[in-house]
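The tour goes from one selection to the next.

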Amino acid sequence: MTRMRWLFAAVLALLCLAAVGAGQRWLKIASDNLHDPKSPAVGVLQEPAEALSLLAPDTAGNQVRWMRALDEGQIQPRTNIMPETKVNLRTTDVLLKNTGEMHLVRFPHRQHTAWLDCSNCHDQLFQQKAGATTINMMMILAGEKCGLCHGAVAFPLTECGRCHSVERNSPEHLAFGKGLVRDGGGR
Ligand code: HEC
Ligand code: HEC
Ligand code: HEC
């Protein structure tokens, strides 16, 4: 009980922060509190708004729907700097079912391995076995597991439905059969 109250207090705090953030799109370099406004680089560096306003828009986080920007070819990030680096892709989806009243969580490997290497997550954050790692919303809100990136460098935790995307007994749920893993292919 106290755990749930804690959770909802944290969620509320996050939502308030998001509401404050939503008012502003991209700060100018001279007033972003990251760059020295007196530096000669200000005025030479490209303004974030100039670059980011051309990409698939989002209503959360840094206002870019990065997965769409990548899939639609709006950006083509280099996969490796060293020629010997091996790029590893994976296309399985894992269904995470301990979600209480919320929709189930579909973890998609394709979308993640488009940006990240296996070693960014395995085996420090997650074991390579569906259901073997303890993950819950408290840990995520505290910046662990999925929360290490989501809310930091990937879409924020206020976007519940982007993770909790699979309705119980929907065709998408039933497609997993009895297992927790299926090949999501190119999706
Ligand atoms: C980055 C992905 C992600 C986002 C965003 C997200 N969740 Fe979760 N949530 C999870 C995962 C993963 C689990 C654990 C599932 C498991 O272990 O089977 C979980 C579990 C839960 C649970 C189950 C109880 C518990 O304590 O774990 C609840 C309730 C929940 N989330 C609510 C929310 C709400 C409300 C939001 C939006 C404010 C949200 N989640 C946003 C990934 C996410
Ligand atoms: C962003 C983090 C992340 C990255 C990157 C990642 N994984 Fe995973 N992986 C997960 C999560 C989360 C699970 C599910 C864990 C659970 O259910 O407890 C998982 C599960 C697995 C599983 C068991 C389920 C299945 O798909 O058969 C294997 C095997 C696996 N990963 C291999 C890989 C390999 C190989 C790579 C690189 C090509 C990779 N993973 C990249 C997070 C990641
Ligand atoms: C190591 C960093 C990292 C971890 C850990 C991580 N993610 Fe992500 N995730 C990303 C990045 C980067 C993207 C792509 C950028 C974006 O969509 O904001 C992404 C995108 C996604 C997407 C969106 C796919 C789409 O089609 O738009 C989902 C869903 C998602 N993550 C769920 C999860 C869940 C659930 C977990 C934990 C089980 C998790 N992620 C853990 C970095 C991570």
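Is His164 buried or exposed? Select His164 in this predicted model: its relative accessibility is 14%, and because buried means under 20%, His164 counts as buried.

Next, select the iron atom of ligand 1 together with its protein donors, which are Met137 through SD and His164 through NE2. These donors lie 2.0 to 2.3 Å from the iron atom. The two residues come from distant parts of the chain, 27 residues apart. Met137 belongs to helix 6 (residues 137-141), while His164 sits in the loop between helix 7 (160-163) and helix 8 (171-174). Met137 has a relative accessible area of 28%, so Met137 is partly exposed. Around the iron atom of ligand 1 there are six donor atoms, and the arrangement is octahedral because they subtend angles of 88 to 179°.

Now move to the iron atom of ligand 3. Which residues coordinate the iron atom of ligand 3? They are His112 and His150, each through NE2, at 2.0 Å. This pair also links distant parts of the chain, 38 residues apart: His112 is in helix 4 (residues 109-113) and His150 is in the loop between helix 6 and helix 7. His150 is buried, at a relative accessible area of 12%.

Last, select Thr79, Val87, Thr113, Ala114 and Trp115, which lie nearest the centre of the second largest pocket. This pocket is lined by 15 residues: seven nonpolar, five polar and three charged. The space in the second largest pocket is about 280 Å³.

Note on methods
Residues numbered from 1 in each chain as written. Chains lettered and ligands numbered in written order. Predicted model: local features only at pLDDT ≥ 70, side-chain atom pairs only at ≥ 80, totals over all residues. Heavy atoms only, no water. 1 Å grid on protein atoms, 1.4 Å probe; cavity = no way out; pocket = protein on both sides within 12 Å on 5 of 7 lines; lining within 4 Å. Points joined across faces, edges and corners; volume = space filled by probe spheres on them. Nonpolar A, V, L, I, M, F, W, Y, C, P; charged D, E, K, R; others polar. Donors = N, O, S within 2.8 Å, 3.2 Å for Na, K, Ca; no water. Tetrahedral: all angles 85-135°; square planar, octahedral: opposite > 155°, others 65-115°. Helix = DSSP H or I, 4+ residues; strand = E, 2+ residues; numbered from the N terminus. Buried < 20%, exposed > 50% of the residue type's maximum accessible area, 1.4 Å probe, protein only.
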